[in-house]
Amino acid sequence: MPVRFRVMARCDVLVVGGGFGGAFFARELERLMGGRPPRVLLVAPENFLLFSPLLPEAASGTIEPRHAVIPLRELLATTELLIGTVERLDLDSRRALGRDLNGDEHEIEYDRLVLAPGSVPATVPVPGLREHAVGFKTLADAIWLRNRVLRQLDAADAADDLAERRRLLTFTFIGGGYAGVEALAELESLVRDAVRRYPRITAADCRWVLVEAGTSLLPGLDPDLATFTERTLGRRGVEVMTETRLASCTGGVVVLTGDPVRPFPSGTIVWTAGQRPHPILGEWGLPLDEGGSVPVDRYLQVRGLEGVYVVGDAATVPDPEGGIAPNTAQHALRQARTAARNVAAGFGVGEQVPFSYRTRGLAVTLGKWQGTAQVRRTTFTGPLAWWMGRSYHLLMMPGLGRKLRVVSDWTIALLFPRDVSQLGQLGSPTPLDG
Ligand SMILES: Cc1cc2nc3c(=O)[nH]c(=O)nc-3n(C[C@H](O)[C@H](O)[C@H](O)COP(=O)(O)OP(=O)(O)OC[C@H]3O[C@@H](n4cnc5c(N)ncnc54)[C@H](O)[C@@H]3O)c2cc1C
């Protein structure tokens, strides 16, 4: 894109990223600094924070996709926003180059830097993956997947060829972490309800396959929860294949390692096999560990780089209980708040504090009334865990208005049948010459 002109900007704090790390950092700094806020500039490609724990429910239509995001202009009061991306960073001269939506460059001078660019899907060189699989990371992914699943039902309803119907109704998810498990469980639940409106399709006509390379689903959670999840999905007819990898999906035909099943055509293939730290931090010359993320100290500062903080999925943060803090929204949010306190301390407000958040637990929803949860060492399953997961996400969500929107979606979803309209044409306006 041609550069039109440069806009110079100067700020006390530059924040890269508007997700859990970046947005909650800026919000907390505003709170701490009260009436004398420093000049904070936050750069993010979207003007909203994606509340990713609600992404699977946005995909299944249980909540309205717009309710899974929080507008940054609603969340933040005094922070300046530049919707675009930071493309270059010079750590020595403390300058960054941002690009806005018009394609114009912004040269930004800063004193302190907070980096929270998150992660990107970790793909491997599997033949056919790029052409035939989709990721599950953004709101666009969730909306696309919902429309895709419903489109497949309509296409299968019209198809007479049995093999083609089978292909259209086969949904394969690669990666059995919580993103893959929740996405599959929510969409399977959507299809189970939706097929009641399709006289020629039953739930048994649909094939759901979940492939996980590890020995069990939900690595990192209590093994009992993984077993419960496997059994719950199994009862719903989902084929869970652990210790199995995708070998190829050329032409949309799924070939798995070992010989658990014969190769099978799958109309929808979703890649949820993990995330890796955003690669841009390495390009900007930050020190990386072998996992590709930036090691920080207990104060979330990069060693040897005064005034540079990294939080969220792109950081390797020492866990107060030993090891490394996991990459979750609840950790990114607490790291953001700690970094805000440490930056505020630099402006003479409060004291520096180390990151001290201890994991409270994790909840995984498995569609209507089903879930698993772990709080400290206690595990919960079934409707109670489902309710706990929902309550926790609601507590994390900022703003009463946002909370009420989600609660009303949940209530409507419990009382009324699902909406099966397929809105795949949204975002592509009709040409006027037609
Ligand atoms: C499907 C799914 C479900 C999940 N469910 C849960 C859950 O139930 N519970 C939980 O605790 N965690 C969950 N997570 C994990 C959680 O979303 C992440 O750990 C969390 O979002 C990390 O926060 P972050 O700020 O590091 O990254 P993000 O929230 O991803 O934000 C990063 C931001 O930086 C922006 N950015 C990147 N590059 C640039 C650049 N060059 N310039 C400007 N901006 C840039 C990105 O566009 C993005 O807006 C889930 C994740 C996914 C994908």
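Isoleucine 412 is partly exposed, because its relative accessible area of 47% falls between the 20% and 50% cut-offs. Before going on, note that this is a predicted model. Isoleucine 412 sits in helix H12, which covers residues 400-415. On the surface, Ile412 belongs to a nonpolar patch together with Trp369, Leu414, Leu415 and Phe416. Taken together, these residues have about 540 Å² of accessible area.

Now to tryptophan 369, from that patch. Tryptophan 369 lies in the loop that runs between strand S21 (361-365) and strand S22 (371-375). Its relative accessible area is 45%, so tryptophan 369 also counts as partly exposed. The phi of tryptophan 369 is positive, about 65°, although the residue is not a glycine. Most residues other than glycine have a negative phi.

Leucine 218 has a positive phi as well, about 50°, and is not a glycine either. Leucine 218 is placed in the loop between strand S11 (207-211) and helix H8 (223-235). Is leucine 218 buried or exposed? Leucine 218 is buried, because its relative accessible area is 3% and the limit for buried is under 20%.

Last, the second largest pocket. Its volume is about 760 Å³. The lining has 33 residues, and Gly61, Ile63, Glu64, Pro65 and Arg146 lie nearest the centre. By class, 15 of the lining residues are nonpolar, seven are polar and 11 are charged. Helix H12 supplies at least two residues of this lining, as does each of H2 (55-60), H5 (139-158), H7 (178-194) and H11 (382-396).

That is my list; questions, please.

Key:
Residues are numbered from 1 along each chain as its sequence is written. This is a predicted model: local features need pLDDT of at least 70, side-chain atom pairs count only at pLDDT 80 or more; totals for chains, interfaces and linings use all residues. Side-chain values use heavy atoms; hydrogens and water are left out. Patches are made of residues with over 30% relative accessible area and no salt bridge: like charges are joined within 9 Å, nonpolar side chains (Val, Leu, Ile, Met, Phe, Trp, Tyr) within 5 Å. Accessible areas come from the Shrake-Rupley method with a 1.4 Å probe; for residues, only the protein chains shown count as cover. A salt bridge is a side-chain nitrogen of Lys or Arg within 4 Å of a carboxyl oxygen of Asp or Glu. Helices (H or I, at least four residues) and strands (E, at least two) are DSSP runs, numbered from the N terminus. Buried means under 20% relative accessible area, exposed over 50%, partly exposed in between (1.4 Å probe, protein chains only). On a 1 Å grid over the protein atoms alone, a cavity is a set of points where a 1.4 Å probe fits but cannot get out, and a pocket is an open set with protein on both sides within 12 Å along at least five of seven lines; lining residues have an atom within 4 Å of a point. Grid points are joined across faces, edges and corners, and a volume is the space filled by probe spheres set on the points. Ala, Val, Leu, Ile, Met, Phe, Trp, Tyr, Cys and Pro count as nonpolar, Asp, Glu, Lys and Arg as charged, and the others, Gly among them, as polar.
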